Amino acid sequence: MGSLRFFAACAVLSLGRLRRQLWLLAGLALLCLLLPLGAGRAAESLLSQGVGFHGVTLAIAAPEGDDAPALLERYMGGMEDIAQYCRVTAMEEGEALAALESGQVTAALILPERFIQGVMWGEDPDLRLVVAGDQPLESLLLLWVGQSASDILSAFQGGVYAVLDLYDRAPPPGLDRDQVVFDINLRYITLALDRAGIFRTREVSATGALPIPLHYALSLLCYFALSAAPLFLPLYTGGWLAFQRRLRAAGRGCAPGFFSAAAVGAGALLILLLPSLMLAGGGASPLALTGSALLMAAFCSLFAALCALAFRTAAGCGGAAFAISLLSLLPAGGVIPPVLLPPAVRRLSWLSPVSWLRQIAAWPLGYDADASAWVCLGLGMAAMAAASLALYRRRADREEAGS
């Protein structure tokens with residue numbers, strides 16, 4: 001009971017030292033309440049609208065007298081999926097190159113002589129695609145479309161070869177080889193025109209499991225909670241540490257002083273985090289949200305203690321907290337959407353404290369939290385508590401020696 005009263009007394013004294021930061025904490029509370037939600041909605045609007053892209057124009061040309069460009073213009077123009085981003089027009093070769101030079105078309109596809117006949121007979125005609133150098137995005141899109149078309153054409157040619165090989169081994173009576181070539185090509189042309197049934201469409205969210213507004217709101221909330229470390233510097237500096245050394249001489253260890261300060265810091269962070277989580281959580285259980293907010297506050301309080309004790313000054317503590325928080329925010333997808341991050345960075349996202357805290361915050365809202373997030377959060381808290389307590393005891397000794 002005496003230890004509990006001593007802990008409570010230390011907590012009251014720590015709370016008194018934290019009152020100096022009252023206006024800063026109030027400002028941070030307002031920031032945590034408004035900015036993450038506003039940034040989340042802005043990110044949703046930006047990622048949902050996408051970028052301004054008005055499609056490309058592809059000119060198809062062939063040697064004089066070849067009707068392949070007009071045929072491709074008619075068929076490809078009728079394909080809804082292609083027409084959404086690409087307009088196909090038939091031109092003479094010189095006209096197509098001139099239109100490309102003047103910017104009227106995005107690229108020019110030059111077909112060889114007897115292109116369609118070559119495809120039908122299983123040949124591999126060479127094509128020439130001329131693109132504009134000042135439109136890299138459109139050129140890359142056309143390159144991707146061309147590669148996809150080439151892959152489909154190669155697969156269809158493989159099917160044609162396989163059918164003709166079977167025919168050559170054992171020709172059915174009364175079936176002419178030219179008729180086989182015509183029928184199998186017609187069959188594959190039908191498959192190409194009706195290719196929508198071949199592919200399966202899967203929608204991929206830019207932010208993974210969480211909706212875009214919630215992802216960015218929780219990411220920024222975790223970032224602000226970690227960056228708030230300098231506000232708790234008065235709990236771990238000044239004559240309070242020298243007083244801890246005197247208490248040790250009287251038989252009281254440093255642990256009650258340290259953990260009471262960490263508890264006061266966690267309480268202040270809980271007041272910052274809980275309203276924002278409840279506002280973002282909607283109809284989620286208040287008890288579950290409070291538990292998640294308390295766990296997040298404890299982690300961020302221990303982080304603040306470690307930064308304050310390791311770097312001592314407000315500038316050092318603030319710089320370290322800002323750098324670590326920002327480096328944690330980037331791989332967690334808090335700036336660039338996770339789907340746009342390089343694969344190597346995405347594989348390291350599980351090491352980010354922002355990622356752990358965001359998953360813990362989203363768990364009461366019905367979203368899954370990886371086991372690695374719980375384990376990393378627990379191990380991180382234990383490691384920070386041990387390191388901070390050792391630094392707290394060492395700083396108390398130095399304060400006494402320097403007094």
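Modeller: Ala, Val, Leu, Ile, Met, Phe, Trp, Tyr, Cys and Pro count as nonpolar, Asp, Glu, Lys and Arg as charged, and the others, Gly among them, as polar. With that scheme, the lining of the second largest pocket divides into 9 nonpolar, 7 polar and 4 charged residues. Keep in mind that this is a predicted model, where local features need pLDDT of at least 70, side-chain atom pairs count only at pLDDT 80 or more, and totals for chains, interfaces and linings use all residues. Residues are numbered from 1 along each chain as its sequence is written, and side-chain values use heavy atoms, leaving out hydrogens and water.

Colleague: What counts as a pocket, and how much space lies in the second largest pocket?

Modeller: On a 1 Å grid over the protein atoms alone, a pocket is an open set of points where a 1.4 Å probe fits, with protein on both sides within 12 Å along at least five of seven lines; lining residues have an atom within 4 Å of a point. Grid points are joined across faces, edges and corners, and the volume is the space filled by probe spheres set on the points. Here that gives about 440 Å³. Of the 20 lining residues, Thr207, Ala209, Ser355, Arg358 and Gln359 are the closest to the centre.

Colleague: Which element gives the largest share of that lining?

Modeller: That's α15, with 4 residues. Helices are DSSP runs (H or I, at least four residues), strands likewise (E, at least two), numbered from the N terminus. The protein comes to 16 helices and 4 strands.

Colleague: Why is α15 described as largely enclosed by the rest of the structure?

Modeller: Buried means under 20% relative accessible area, exposed over 50%, and partly exposed in between (1.4 Å probe, protein chains only). α15 is largely enclosed because 10 of its 10 residues are buried, among them Trp356, Leu357 and Arg358. For the protein, 41% of the 403 residues count as buried.

Colleague: What does Gln359 touch?

Modeller: Contact means heavy atoms within 4.5 Å. Leaving out residues up to four places away in sequence, Gln359 touches Asp368, Ala369, Asp370 and Ala373. Gln359 sits in α15, residues 353-362, and is buried at 16% relative accessible area. Its side chain reaches the backbone nitrogen of Asp370 at 2.8 Å.

Colleague: And which residues does Ser328 touch?

Modeller: Ser352, Pro353 and Val354, again not counting residues up to four places away in sequence. Ser328 is found in α13, residues 314-329, and counts as buried at 6% relative accessibility.

Colleague: How many disulfides does a search of the whole structure find?

Modeller: A disulfide is a covalent bond between the sulfur atoms of two cysteines. The cut-off is a pair of cysteine sulfur atoms within 2.5 Å. The search finds 0. For Cys317, the nearest cysteine sulfur, that of Cys307, is 5.2 Å away. Cys317 is buried, with a relative accessible area of 0%, and Cys376 counts as buried at 14%.

Colleague: Is Asp183 buried or partly exposed?

Modeller: Partly exposed, at 35% relative accessible area. Asp183 lies in α8, residues 177-193, and its C-alpha atom is separated by 9.9 Å from that of Val160, 23 residues apart along the chain. Gly159, in α7 (residues 136-169), is buried at 12%. The C-alpha atoms of Gly159 and Asn185 are separated by 9.3 Å.

Methods: Polar contact = N/O pair within 3.5 Å; in protein donor to acceptor, adjacent residues only side chain to side chain.
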